[in-house]
Amino acid sequence: MTLVLDAQVTESEWAQIVDRISRRRFFGGAAGVAAALALSACGSSDSESDSASDTLPYAWAEFSGDIPRDPKRVVVLDGRVDLEFAMMMDYPIVGSGNFWFPDAKAGFQFPGRTIEDASFVNVAGDFSTNFEALLALEPDLIVITAIGYTSDWYGTERLSSIAPLLVVGDDVEPIAGHPVDWRGALMAQASQLDRVAIAEASIAEYDDKLARLRPMLQEKLGGKKIVFGVQTPTGFLVHQRNLRISVAIDAGLDVLFRDDDNAENSFELSFEQLDTLAPADVIIAQARDQEALDAIKTQPTWQRLPAVQAGNVLTSDARYNQGFALTAAIFLDVLEEAAGRFTAGQ
């Protein structure tokens, strides 16, 4: 039977679909029947004890719930922050969102960590969840970003009827000297999931790489003013507070327009206002698409910028805006590339 699940499915019909699938999973074979008999034979105190030991209480942002201690089939819905977190927790990932990269496999942005057999649960370029694909994966945990959860991008109520949700985010209140405290966010979440050692190991790997590269970054980029942002079809969005800026601060670099208190995290310049970027020695930009790249390159205000004329503009991509230790370590490579544009003391 093929399930056609779209926005026209009523809540009553949805509940019946989930119930049928749940029953089929549990009673569909001899193992399911045996499990049912074994559960019925257990005393209530034993079953309650087992249940308590198999889940962990968890709260993040506006979410709270019980999370499986050792999930066996995990699906993430965006494919960036949630995917990285699930990877760092050593979760077995069977499905992923693929909003940003329609022709790539899940996890390809993390070198050596591509998940070859993970299926996709959305249509590239669309936040809509393909519930038929999601149900077919039979997840026992669904990982969702805090913004996706609070904005209800993916259909939270339906998702929670399929499997427990784990809401994750890469940011907590900024601490002194760090516009985004991804370390604090990672440890706060990992500690609730009883996976502190895994998180600490990932942070240690980043710190080791930072210690190795920081002297060279200081030597070549120290004192240079760096701008981070996104090239858009109508101008340039200047980043003031995100993971990339935190990594640059770790490296002891000077970020132009940094603002740790800006809740919006950025401000936008039109083509006519691009002269605002003139003090920058280096521009590390992200392009939303080729159209945005082509549009900004033709603007006289862009062409006049000293960093543009000196060839000190690097283009990266949107996967490095948010994340944890894996993304932070990758962005150190971007800074290393920027440093390669300069000689010591230049």
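Trainee: Which residues form one aromatic cluster here?

Mentor: Tyr-58, Phe-63 and Tyr-149 do. Keep in mind that this is a predicted model, where local features need pLDDT of at least 70, side-chain atom pairs count only at pLDDT 80 or more, and totals for chains, interfaces and linings use all residues. Residues are numbered from 1 along each chain as its sequence is written, and side-chain values use heavy atoms, with hydrogens and water left out.

Trainee: Okay, and how many aromatic pairs does the count come to?

Mentor: Eight. Rings of Phe, Tyr and Trp (its six-membered ring) pair if their centres lie within 6.5 Å; planes under 30 degrees apart are stacked, over 60 edge-to-face, and the rest tilted. Take Phe-85 and Phe-324: their ring centres are 5.7 Å apart with 55° between the planes, a tilted pair.

Trainee: Where do Phe-85 and Phe-324 lie?

Mentor: Phe-85 is in helix α4 (residues 81-88), while Phe-324 is in the loop between β13 (313-316) and α14, so the pair ties together parts that are 239 residues apart in sequence. Those element names come from DSSP runs numbered from the N terminus: helices are H or I with at least four residues, strands are E with at least two.

Trainee: What follows α4?

Mentor: Asp-90, whose phi is positive, near 60°.

Trainee: Now helix packing. At what angle do α10 and α14 cross?

Mentor: Roughly 65°, with the axes of α10 (residues 243-250) and α14 (residues 325-339) coming within 10 Å. That makes α10 roughly perpendicular to α14. Axes are lines fitted to C-alpha atoms, for helices over the stretch in contact, with angles from 0 to 180 degrees between N-to-C directions. Under 35 degrees is roughly parallel, over 145 roughly antiparallel, 65 to 115 roughly perpendicular, and the rest oblique.

Trainee: Which residues of α10 and α14 make the contact?

Mentor: From α10 there are Leu-243, Arg-244, Val-247 and Ala-248, and from α14 Thr-327, Ala-328, Phe-331, Leu-332 and Leu-335 (contact means heavy atoms within 4.5 Å). They divide into seven nonpolar, one polar and one charged. Nonpolar covers Ala, Val, Leu, Ile, Met, Phe, Trp, Tyr, Cys and Pro, charged covers Asp, Glu, Lys and Arg, and the others, Gly among them, are polar.

Trainee: What about α8 and α9, what angle do they pack at?

Mentor: About 160°, with the axes of α8 (residues 182-192) and α9 (residues 196-221) 8 Å apart. They are therefore roughly antiparallel to each other. On the α8 side the contact uses Trp-182, Arg-183, Leu-186, Met-187, Ala-190 and Ser-191, and on the α9 side Val-196, Ala-199, Glu-200, Ile-203, Tyr-206 and Asp-207. By class that is eight nonpolar, one polar and three charged residues.

Trainee: New topic: where is Ile-226, and what does it touch?

Mentor: Ile-226 is in strand β8, and at 1% relative accessibility it counts as buried. Leaving out residues up to four places away in sequence, Ile-226 touches Leu-221, Leu-253, Asp-254, Val-255, Leu-256, Val-282 and Ile-284.

Technical notes. Buried < 20%, exposed > 50% of the residue type's maximum accessible area, 1.4 Å probe, protein only.
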